[in-house]
Amino acid sequence: MHLDTSVPAAKLRASLAEFQPWTALIEFSNGVKTSDCETHDAVFTEHTLYKISRTQDYIPFVDIKDGRALDIGCNAGYNSIYLGKTFGFNMVGVDLDPRLIGAAQYLSKLAGVEAEFYVGHAESFVRKETFDVVLHFGTLYHLYNPLRSLQLSFLSLKPNGYLALETQCYDDPADENLCYFIHGLNNDATNYFALSTHVVVKSLELLGFVSIQECVRHPTSLSDRPNMYRVLLVARKPADAVDPSRNRNWPRWAEIDMPAMGTTTRKGRIAAGRRS
Ligand SMILES: C[S@@+](CC[C@H](N)C(=O)[O-])C[C@H]1O[C@@H](n2cnc3c(N)ncnc32)[C@H](O)[C@@H]1O
């Protein structure tokens, strides 16, 4: 990602250092790069806009006038800044990490993009306003209640809105229902579930999504586990779905009462997980 700036190089480098370690390459017109700072080498990418650029083949951003998008797990805000700069989208980003939200706020201001970034949890964040697009990139497998987050994404969309979901999947050729518990994998305590693509698609259907398309699939070498893939899906909220923002009694996000998931029943007790 390239950003134009008139900030002197030394000053910019000092500002970027406040938000290190960086996980994505951003290059600035004065020659500074995020890789000049400390980086998170295990996950650092030079293909910062790869996911959003592939999503463009499936979501007609250019045709969505006055578009609004929610960026779940927004990291340093690069996808939001890109949609704001390229398509004039009005962006809201949310991430659990205050350092990253600081980075996103700094970069969006530098880029001259109107965007709001909040510290929040992908399993509880919801706004009164609904969105044309929800980006849910690289975050689902970091959640211990992944389906709750997808349910909130559905709730956050306008009728006809698009969900772009990119995540780690485990696809066993012998059984499409098998999923893989990856807690702690690669020494990352925030890794939880590599769901199978089939289970993700079925869950999206249970939640009410339609027109679910698999757009991109790449094998990954996650700790040499076989059958691991990065998968990008695009799904839509049906045109005739009720827009929750029209409900005068729409609860504030902290008060939201989650509706039951389809016909799913749960037997037995499941102990609450502890996040490290
Ligand atoms: C692998 S990065 C993906 C960043 C970006 N969306 C992308 O795909 O390039 C995962 C991001 O999700 C954030 N994250 C992890 N758990 C979260 C949660 N429970 N709620 C919100 N954000 C979370 C992390 O801080 C991190 O920025």
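What share of the protein's 276 residues counts as buried? It's 38%, where buried means 20 or more other C-beta atoms within 10 Å of the residue's own, with C-beta atoms placed from the backbone. Bear in mind that this is a predicted model: local features need pLDDT of at least 70, side-chain atom pairs count only at pLDDT 80 or more, and totals for chains, interfaces and linings use all residues. Numbering runs from 1 along each chain as its sequence is written.

**Confidence**
- Mean pLDDT (the predictor's confidence in each residue, from 0 to 100) is 89 for the protein, and 89% of its residues reach 70 or more.
- Over residues 259-276 pLDDT stays under 50, and the model has 6 contacts there beyond four places in sequence; a contact means C-beta atoms, placed from the backbone, within 7 Å.

**Fold**
- You've got 6 helices and 11 strands, taken as DSSP runs (H or I, at least four residues, for helices; E, at least two, for strands) numbered from the N terminus.
- Among contacts with a separation of 6 or more, 64% join residues 24 or more positions apart.

**Helix H6**
- H6 spans residues 197-207, and its buried residues are Val200, Leu204 and Leu207.
- These sit on the same side of H6, because they cover an arc of only 65 degrees around the axis, going by directions from the helix axis to the C-beta atoms.
- They pack against helix H5 (146-156) and strands S7 (157-170), S10 (210-219) and S11 (228-236).
- Just after H6 comes Gly208, with a positive phi of about 115 degrees.

**Ligand**
- The ligand is surrounded by 16 residues, the closest being Gly73, Asn75, Ala122, Phe137 and Gly138; the cut-off is a C-beta atom, placed from the backbone, within 6 Å.

Notes:
Buried ≥ 20, exposed ≤ 12 C-beta atoms within 10 Å, placed from the backbone. Contact = placed C-beta atoms within 7 Å.
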